[in-house]
Amino acid sequence: MVLELQKPRPVWQIMFSTHHTDVAYLYTVTSLAFLFMGGVLALMIRTHLAMPGAGFLISDPATFNRIFTVHGTTMLFLFALPFAAGIGNYLVPIMVRYKDMAYPKLNAVAFWMVPVSGALIWLGFSDTTWVAYAPYSILRAPGPAADMWIFGLKIAGISSILSSINFVVTILKCKHPDLPLRKVPLFAWSMLTVSVMTLVAMPTFAASLIMMLTDRLAVSGFFNPSMGGDPIAYLHLFWFTFHPEVYIFLLPAIGMMYEIIPRFSRKPLFSQGSGVFAFVMLGMIGFASWGHHMYSTGMDFTTKTVFMIGTLAAVPASGMHVFNFLATMWGGRIRFDAPMKFMVGGIALFFSAGAGGVLNTAMPLDFITHGTYWVVGHMHLFLTGTIAFGFVGMMYYIFPLFTGRMYSEKWASVQFILMMWGTVQVFFTQHILGLEGMARRIYDYPTEFTSWTQLNQIASVGAWILGASFVIFLGQLIYYSAKGKEANMDDPFNLGGKYYYPYQAKTPHHTGY
Amino acid sequence: MSRTEHEAPPIRTSPNRVVKMLAIIIGIQVVGGALFFTHYDFWNSYIPIAGVKQEKEMANETTTNTGPPNIQGIFSGKEIDVPLKFVESSDFTKYGFNAPFGQSGANPEIHAAVGDKIVFSVANGGKSFHAFAITTSTSGPGPAVPDTTIGTADSPMKPGQSGTVTFIPAGDGTYYYICAVPGHRELGMEGKIEVGAGQAGTGGTAAATGNKVEFSLSFEMSPDFAHYGFNAPIGQTNANPDIKVKSGDTVTIHLKNNSKSFHAFGVVIDPENPAAVLWSSAFKTPDSPMKPGESGDVTFVAGTPGVYHYICTVPGHAALGMNGNLIVS
């Protein structure tokens with residue numbers, strides 16, 4: 001096993017290992033590779049939109065559709081989900097004091113489905129948009145790209161169901177008998193919550209993917225109006241999975257904040273109990289709000305009100321997390337190393353994204369913002385501002401454990417400033433762009449709309465700044481894993497105190513890379 | 001936690017291993033990229049079976065339509081030029097051609113006969129995106145008559161762009177020229193094209209005037225036998241040339257069978273009824289056709305004015321492309 005190793009292993013031994021740290025490593029590297037690939041597509045989209053009417057960089061609308069489809073699918077299913085699973089794989093067994101995940105081989109199978117799904121999605125380059133609404137996706141989306149997209153997501157879904165089963169069993173059945181469930185560290189609690197949510201939510205989407213495939217083959221007509229089906233039914237099935245999925249993306253990032261903020265505040269967590277409560281609350285409330293994605297589909301007033309209240313019910317639980325972070329930092333001897341910077345930035349942006357979400361859920365306003373760049377700005381502010389900030393901070397935190405080396409604190413600060421700046425500039429601007437009336441997913445717009453042009457150019461400059469911050473991140477990951485100074489494996493950040501991974505502190509886990 | 005003497009030092013990542021890892025990741029991406037770009041047209045090559053089925057159903061609906069045929073006709077009449085301009089009212093509530101709907105000069109009605117060539121010069125003079133189409137459908141954006149569109153709803157004409165469209169009505173009835181962007185037709189961008197009865201030939205005979213004209217035609221087939229035609233398989237530029245003669249001319253046609261199949265020549269009114277050959281213009285018959293390589297001349301006197309078809313009278317060959325226009329004036 002890895003822990004007794006004294007010398008680097010051959011590459012293939014790491015690639016085909018079933019040990020949780022190896023699988024975690026593979027998950028993380030794969031998801032980061034997809035992050036940078038998806039980021040290139042995002043920069044192409046923004047650069048194209050900076051110059052209306054010029055057809056710059058992307059010369060036809062169909063290619064534009066394909067690019068933003070693959071960008072969205074990649075970031076959600078090939079970056080966010082596998083990255084959380086990777087960090088979970090690394091930390092959860094250690095946190096519950098078990099030697100490995102409950103089913104190591106299942107764990108490796110779940111990982112190896114990710115590259116397969118990525119290959120299908122990237123080779124096909126479908127143009128259905130990441131939501132793949134019927135009837136376009138069943139009647140007109142050209143094959144084989146759209147079929148490959150369906151199978152790619154099918155495989156990604158199965159992968160996340162398998163890894164969820166593994167997490168649930170590891171945390172509930174394999175934790176140390178001396179460790180009561182309520183004392184399990186909050187990052188493990190977040191993985192437990194999202195795993196249970198995945199097990200409840202994902203089968204619905206898996207079923208609707210199969211329905212979509214058979215609809216495309218014209219053997220069924222679930223979503224095909226000319227065969228008596230209903231495209232709105234697809235929206236219900238899709239958002240029943242993907243509103244909870246929002247929390248499935250978000251909660252691991254919150255859990256990472258719970259891991260890092262007390263550590264760098266050098267102070268115990270303010271309240272373990274409220275964190276657990278808020279996770280469980282979000283896990284349940286996540287299922288009560290899918291309808292707010294479809295207010296404009298002609299729901300009746302009572303249904304809309306129910307979904308509006310269900311959405312607002314997520315506010316207190318999210319607020320509990322934020323207050324828990326602030327109370328933990330209050331009076332602490334805070335060290336603003338890179339992981340802590342990103343977590344604090346993440347909290348600030350989480351608050352602004354959440355505030356925008358509350359506005360969105362009010363149905364009168366939603367009718368104005370629906371289908372505009374407001375929605376694009378809101379969802380990206382969540383995904384970049386909170387989730388990516390949490391993940392990048394966690395990557396810096398876990399970097400010494402993976403490589404045995406330290407990253408450059410100076411460059412991490414530069415990355416933090418650029419990333420914060422870029423995120424605010426792109427996604428706040430997109431909110432305003434939405435209020436100006438710019439529809440989402442449009443290929444081009446008239447140059448006469450000068451306010452659109454200006455705002456788009458501001459957003460695009462912000463996107464390049466954000467891109468620059470990720471170039472620095474990539475450089476950090478590559479250069480400092482080869483040439484970084486050797487980390488003190490007992491306490492890489494010189495914080496003192498107890499870690500969750502005492503036995504592992506002796507050697508970096510990921511010997512070899 | 002200090003380390004004791006006999007504990008081995010931690011193993012750390014080396015440049016060598018980082019390079020190996022990057023080589024694996026970049027290698028996979030290069031192979032994937034090569035696969036993707038070498039098959040670029042393949043990934044988006046067909047629409048789903050459900051979509052094909054739906055298109056067929058839509059096509060069936062248009063054939064049961066009582067309006068005129070939704071196809072381009074054959075040019076046999078006069079040429080009509082129509083300049084059109086997309087415009088919107090300043091508050092964007094009324095749209096129209098040449099003027100917003102409701103004002104004078106908006107959506108001019110066009111009168112034409114079957115076989116006339118109507119040339120639309122269309123310019124987008126508004127501030128919004130538009131797309132030009134001609135359709136027989138009385139509501140909604142389509143389906144358009146083939147080759148009568150400028151832009152589509154997905155890739156419309158931007159403000160200031162322009163283009164021309166040639167439309168030859170194939171039957172009598174009402175066609176509409178519209179903006180194909182959904183919603184714009186309802187806001188007023190719809191004009192009528194009233195097409196009067198056509199000038200198809202009646203098949204009457206005429207006395208010979210003594211004027212003699214000569215033409216050469218050859219029977220051709222594509223190597224896969226899918227496309228037939230005179231002088232070239234249909235679909236190529238010089239296939240099925242229009243033959244223009246005057247009523248009473250003595251027409252001589254030099255025929256040659258350059259194909260690998262049997263053929264026969266004749267002038268008819270309706271290509272779907274190849275047996276009704278006019279004016280003793282038949283050369284050979286389906287029962288005793290021209291063999292490959294055979295050639296010969298046929299001479300006949302052109303009858304009353306109108307548009308006729310010269311075809312291969314072997315059943316099925318006209319539908320595969322051996323069908324040209326004989327225009328008698």
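Colleague: Which residues of strand β4 in chain B are on the covered face, and which are on the uncovered one?
Modeller: In this predicted model, Ile110(B) and Ala112(B) form the covered face of β4(B), residues 110-113. His111(B) and Ala113(B) make up the uncovered face.

Colleague: Which strand does β4(B) pair with, and in what sense?
Modeller: The partner is β9(B), residues 190-196, and the two strands pair in the parallel sense over 4 bridges. Within this pair, His111(B) stands opposite Glu194(B).

Colleague: What is the strand order in the sheet?
Modeller: The order is β4-β9-β8-β6 in chain B, an open sheet of 4 strands with mixed pairing. Because β4(B) and β6(B) stand at the edges with a single partner strand each, one side of each has no neighbour in the sheet. On average, neighbouring strands are turned by 25 degrees against each other, direction ignored.

Colleague: And how does β6(B) join β8(B)?
Modeller: They run antiparallel and are joined by 4 bridges. Phe132(B) stands opposite Cys179(B) in β8(B).

Colleague: Changing topic, which residues touch the most other members of the largest nonpolar core?
Modeller: That core has 150 residues, and those touching the most other members include Ala80(A), Ile87(A) and Leu250(A). Leaving out residues up to four places away in sequence, Ala80(A) touches Met75(A), Phe249(A) and Ile387(A).

Colleague: What other core lies apart from it?
Modeller: Another core, of 35 residues, lies apart from it, and Phe86(B), Ala144(B), Cys179(B) and Val181(B) are among its members.

Note on methods. Residues are numbered from 1 along each chain as its sequence is written. Chains are lettered from A and ligands numbered from 1 in the order in which they are written. This is a predicted model: local features need pLDDT of at least 70, side-chain atom pairs count only at pLDDT 80 or more; totals for chains, interfaces and linings use all residues. A residue is buried if 20 or more other C-beta atoms lie within 10 Å of its own, exposed if 12 or fewer, and partly exposed in between; C-beta atoms are placed from the backbone. Two strands pair if DSSP finds at least two bridges between them. Axes are lines fitted to C-alpha atoms, for helices over the stretch in contact, and angles run from 0 to 180 degrees between N-to-C directions. A nonpolar core is a set of buried Ala, Val, Leu, Ile, Met, Phe, Trp, Tyr and Cys residues joined through C-beta atoms within 7 Å. Two residues are in contact if their C-beta atoms, placed from the backbone, lie within 7 Å.
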